[in-house]
Amino acid sequence: MKYQSQQVAKAYFICAMGLFAIQVLGGLLAGWIYVSPNFLSEILPFNITRMIHTNALIVWLLLGFFGAAYFLVPEESEREIYSVKLAYLQLIILVVGTLGAVGSYLVGIHGGREFLEQPLWVKFGILVAALIFLFNISMTVLAGRKTAITNVLLMGLWLLSLLWIFAFINPDNLSLDKMYWWMVVHLWVEATWELVMAAILAFLLLKLTGVDREVVEKWLYVIVATALFSGILGTGHHFYWIGTPGYWQWVGSIFSTFEVVPFFLMMSFAFVMVWKGRKNHPNKAALLWSLGSSTVAFFGAGVWGFLHTLHGVNFYSHGTQITAAHGHLSFYGAYVALNLAMFTYAMPMLLNRAPYNQVLNMASFWLMTGGMAFMTIVLTFAGTIQTHMQRVVGDYYMDVQDSLSIFYLMRFGAGAAVVIGALLFIYANLVVRDREIIAPGLANTLWRNDL
């Protein structure tokens, strides 16, 4: 370890992996309810199961982002974190808020807005935690070396936190409600989170490939510019049918088609850096996750997003299983796989061990990625049939759902593969055999040749 305060990241990563397990298990349960709709209907209704699944996803991804920042910023800034105590206080607030939200959902207390169901006190807790983080990490960066990676990461995390303020706005008018709602949901996952993704990916490739920092920084700024250019006005593809003026059909269609560009650039960036790289880094699993993240993100967020972003198509496909296919693959590629890449790279150093259980780790990658790819294809077929039967022919919704039962069964099988892969990943990163434990400080000389 170069900086002792980087150990803060270990607590964030462990909490994130715990929530990751809960999230995928909740998703598997929700998938089975699609197959057997009355399963646990009186004990744990589907809407509560889905809330736990989606909220756990959001929180563990944020914990991963925060942990990644606490790990990489000291190295980039060449100084210790401003306050380790504040970092742990932030983690406690987030964990308590998460447990409080889940407890509230289980007794039927929630806000009712998709992804923003958290009770008001939990929303305030998240805001306080975000402000603590911004103060802590900004003070660290301002006092140390400034790099393109820290600049982009801070921009993404500042915008991410400030946009959370829109979560408190809940007007009675449904059109206004959805407009502010998308300013959180869309501008998180299709704008500010992309900046965080680009910064973390750049850091990983810098360490894993040994490419010159100047090359990485040039790519990084181009990716950021295209992400913001396309992502902000691309919000319009959610404004088609919520009562906003008609010009949003064209603004949203045109700019959201450009949203494929930053993801294509990130994929190209990853492979070019590996091609140009002169370092044979021993942590092959981290490199696999980094390349896999950028590739799957391109197909999930870019290609599958493009498939139904034009308003003439979206008029029929919006809210069908096509949306679910796009959402699952894009989140997995862009943010889940990226966090798992960071965990794979950092955890051996945080635990002071050489790269370990790499075969199991890489097996988990192929299990999760294969399962998610199959799930996406299944849901795409299901959504296409649903679109025609329900939106074109006009069949009754529940009749259409009954006709899709075979697809939901296949989706459940794919989800089981993802869960097995996720549990295998957690085991591979946290469990180590005795013979793989090395002497304190030896990890640096054995494999961490970052200079």
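Predicted model: local features only at pLDDT ≥ 70, side-chain atom pairs only at ≥ 80, totals over all residues.
Helices (H or I, at least four residues) and strands (E, at least two) are DSSP runs, numbered from the N terminus. Residues are numbered from 1 along each chain as its sequence is written, and side-chain values use heavy atoms, with hydrogens and water left out.

**Helix H12 and what follows**

- Helix H12 covers residues 321-350, which makes 30 residues. The expected span of a helix is 1.5 Å times one less than its number of residues, so H12 should span 44 Å, and its end C-alpha atoms, 40 Å apart, agree with that.
- Find Tyr332 and you will find a bend of about 40 degrees in H12. The bend at a residue is the angle between axes fitted to the seven residues ending there and the seven starting there.
- Is H12 mostly covered or mostly uncovered? It is mostly covered, with 25 of its 30 residues buried. Here, buried means under 20% relative accessible area, exposed means over 50%, and partly exposed lies in between (1.4 Å probe, protein chains only).
- Asn339 is buried, because its relative accessible area is 0%.
- Leaving aside neighbours within four places in sequence, Asn339 is in contact (heavy atoms within 4.5 Å) with Trp60, Leu61, Gly64 and Phe65.
- Asn339 and Ala198 are 141 residues apart in sequence, and their C-alpha atoms are 12 Å apart in space.
- Just after H12 comes Asn352, with a positive phi of about 55 degrees. Asn352 sits in the loop between H12 and helix H13 (358-393), and its relative accessibility of 22% makes it partly exposed.

**Helix H7 and its neighbours**

- Helix H7 (residues 213-233) has 21 residues and reaches 31 Å from its first C-alpha to its last, close to the 30 Å expected.
- Which residues of H7 are buried? They are Val216, Leu220, Ile223, Val224, Thr226, Ala227, Ser230 and Gly231.

**Leu287 in helix H10**

- Leu287 belongs to helix H10 (residues 284-307).
- Apart from neighbours within four places in sequence, Leu287 is in contact with Leu205, Leu208, Thr209 and Val274.
- Leu287 and Tyr345 are 58 residues apart in sequence, yet 8.3 Å apart in space, C-alpha to C-alpha.

- Phe229, Trp250, Ile254, Phe258 and Val261 make a nonpolar surface patch of about 510 Å². Patches are made of residues with over 30% relative accessible area and no salt bridge, where like charges are joined within 9 Å and nonpolar side chains (Val, Leu, Ile, Met, Phe, Trp, Tyr) within 5 Å.
- Accessible areas come from the Shrake-Rupley method with a 1.4 Å probe, and for residues only the protein chains shown count as cover.
- Val261 lies in helix H9 (residues 260-276) and is partly exposed, with a relative accessible area of 31%.

**Salt bridges**

- Side chains of opposite charge can pair when their charged atoms come close. A salt bridge is a side-chain nitrogen of Lys or Arg within 4 Å of a carboxyl oxygen of Asp or Glu.
- How many salt bridges does a search of the whole structure find? The search finds 5.
- One of them joins the side chains of Glu75 and Lys207, at 3.0 Å from N to O. This pair links distant parts of the chain, with Glu75 in helix H2 and Lys207 in helix H6, 132 residues apart.
- Glu75 is buried at 6% relative accessibility, and Lys207 is buried at 7%.
- Glu76 forms a salt bridge with Arg213, the closest N and O atoms being 2.7 Å apart. Glu76 lies in helix H2 and Arg213 in helix H7, so this pair ties together parts that are 137 residues apart in sequence.
- Glu76 counts as buried, because its relative accessibility is 1%.
- Arg145 and Glu78 form another salt bridge, with 3.6 Å between the closest N and O atoms. Arg145 is in the loop between helix H4 (120-142) and H5, and Glu78 is in the loop between H2 and H3, 67 residues apart.
- Arg145 is partly exposed at 30% relative accessibility, and Glu78 is partly exposed at 47%.
- Glu78 also has a positive phi, near 60 degrees, in a residue other than glycine.
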